[in-house]
Amino acid sequence: MAAIQAENAASASATENAPTSSISVMVNDCSGKMGHAVAEAAVAAGLNLVPLAITGPKMGNSRVACGGVAVQIIGAEERDSVFDRVLNEYPNVIVVDYTLPAAVNSNAEYYISRGVPFVMGTTGGDRTKLIDTVKKAGTYAVIAPQMGKQVVAFQAAMDIMAQNFPGAFAGYTLKVTESHQSSKVDTSGTAKAIVEYFQKLGVKFNVDEIERVRDPSEQVRRMHVPEDYLGGHAFHTYKLLSPDGTVAFEFQHNVMGRSIYAQGTVDAVLFLAKKVREGADQKLYNMIDVLKEGSMR
Ligand SMILES: NC(=O)C1=CN([C@@H]2O[C@H](COP(=O)(O)OP(=O)(O)OC[C@H]3O[C@@H](n4cnc5c(N)ncnc54)[C@H](OP(=O)(O)O)[C@@H]3O)[C@@H](O)[C@H]2O)C=CC1
Ligand SMILES: O=C(O)C1=N[C@H](C(=O)O)C[C@H](O)C1
């Protein structure tokens with residue numbers, strides 16, 4: 001009995017929330033737009049921001065201020081020595097990755113090789129390979145193309161609809177339009193994920209058919225993006241039309257700025273740190289898992 005009580009006490013303390021200041025987070029690359037927003041949100045939430053970050057090869061050698069922390073930005077060619085130092089000084093670190101689609105797979109493989117838990121917010125790359133690699137390795141990770149709580153809730157609702165009513169929209173035509181800042185190189189990962197739900201609902205649509213709007217003048221004129229947010233927005237519209245044209249549905253989520261994703265990423269870090277502390281059996285999560293557990297503030 002005493003042994004059981006001791007065991008329960010130990011597991012209870014493992015599941016208690018640790019003080020945020022005991023959680024260290026390394027943000028690659030916090031000189032990028034999302035990385036910077038996440039690093040600032042992490043500091044504001046009381047997390048311990050590691051003052052070192054990896055950027056693209058040969059692009060290092062600068063310093064970026066993130067919420068009052070001066071972070072040294074180092075080129076990917078030096079990542080071995082940087083990670084040696086980080087893992088030595090911050091053994092329980094969680095890495096956040098907001099880099100570029102071309103770096104997703106190799107960065108994930110690198111974090112796995114160093115045995116470090118990570119939150120992958122970067123979109124694109126070979127997603128099937130990414131998930132397979134992480135599953136095989138058994139490294140703790142949260143991977144999601146969308147971190148914004150309310151958009152994740154919309155994804156979760158779409159997931160429930162697709163699971164419960166497969167084929168409900170068979171025969172309907174779909175038009176998907178996404179507008180983002182002109183610097184965005186890939187088609188929205190969120191839009192691709194939403195299309196998967198529509199496919200399960202019976203709609204014939206390929207992700208190549210998603211319309212990407214990247215021209216700032218068109219974004220203002222046609223998409224009604226406020227000029228202040230041309231450098232950071234995500235305006236998505238999904239329009240469904242019945243075969244005879246008599247029934248129409250329209251879903252829209254328009255996000256200005258990046259704070260919704262930055263906050264969600266901090267939630268993902270806190271969630272993952274807890275899973276690591278608990279030694280959870282499940283290692284790979286998405287943001288619907290984080291939302292379902294009530295872990296989004
Ligand atoms: N999951 C989510 O909710 C969200 C996801 N995103 C995704 O985040 C990603 C980043 O977007 P954003 O911040 O706007 O892009 P940015 O171009 O502003 O930032 C990307 C940064 O990554 C750096 N980088 C390039 N290659 C590497 C590498 N091999 N290792 C480390 N750093 C590297 C770039 O450096 P340099 O410029 O020197 O090459 C740059 O600083 C995109 O995939 C975007 O879709 C964005 C918002 C929300
Ligand atoms: O690059 C962005 O900005 C965004 N990327 C993510 C995506 O590709 O869906 C999430 C959001 O749309 C913002």
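Helix H7 (189-200) and strand S11 (233-241) each contribute at least two residues to the shell around ligand 2. Helices (H or I, at least four residues) and strands (E, at least two) are DSSP runs numbered from the N terminus. The model is predicted: local features need pLDDT of at least 70, side-chain atom pairs count only at pLDDT 80 or more, and totals for chains, interfaces and linings use all residues. Residues are numbered from 1 along each chain as its sequence is written, chains are lettered from A and ligands numbered from 1 in the order in which they are written, and side-chain values use heavy atoms, with hydrogens and water left out.

The shell of ligand 2 consists of Thr123, Pro145, Gln146, His180, Gln181, Lys184, Ser188, Gly189, Thr190, Ala234, His236 and Tyr261. A residue counts as near a molecule if one of its heavy atoms lies within 4 Å of it. By class, this shell holds three nonpolar, eight polar and one charged residues. Here Ala, Val, Leu, Ile, Met, Phe, Trp, Tyr, Cys and Pro count as nonpolar, Asp, Glu, Lys and Arg as charged, and the others, Gly among them, as polar.

A polar side-chain atom of Thr190 lies 2.6 Å from an oxygen atom of ligand 2. For His180, a polar side-chain atom lies 2.8 Å from a ligand 2 oxygen atom. An N or O atom in the side chain of Gln181 is 2.8 Å from an oxygen atom of ligand 2. Taken alone, ligand 2 exposes 320 Å², and the protein buries 87% of that. Accessible areas come from the Shrake-Rupley method with a 1.4 Å probe.

Ligand 1 is surrounded by 23 residues, and the closest are Asp29, Met34, Thr123, Met147 and Lys184. Thr123 and Lys184 also belong to the shell of ligand 2. Helix H2 (33-44) and strand S3 (52-55) each supply at least two residues of the ligand 1 shell. That shell has ten nonpolar, ten polar and three charged residues.

Polar atoms approach ligand 1 from backbone and side chains. A polar backbone atom of Gly121 is 3.0 Å from a nitrogen atom of ligand 1. An N or O atom in the side chain of Thr123 is 2.7 Å from an oxygen atom of ligand 1. A polar side-chain atom of Lys184 also lies 2.7 Å from an oxygen atom of ligand 1. Ligand 1 exposes 930 Å² when taken alone, of which the protein buries 82%.

Most residues other than glycine have a negative phi, and most peptide bonds are trans. A cis peptide bond joins Asn28 and Asp29, with omega about 10°. Asp29 lies in the loop between strand S1 (24-28) and H2, and is listed among the residues closest to ligand 1. Asn61, a residue other than glycine, has a positive phi near 75°. Asn61 sits in the loop between S3 and strand S4 (62-66).

Key: A polar contact is a pair of N or O atoms within 3.5 Å; within protein, one must be able to donate a hydrogen and the other to accept it, and residues adjacent in sequence count only if both atoms are side-chain atoms.
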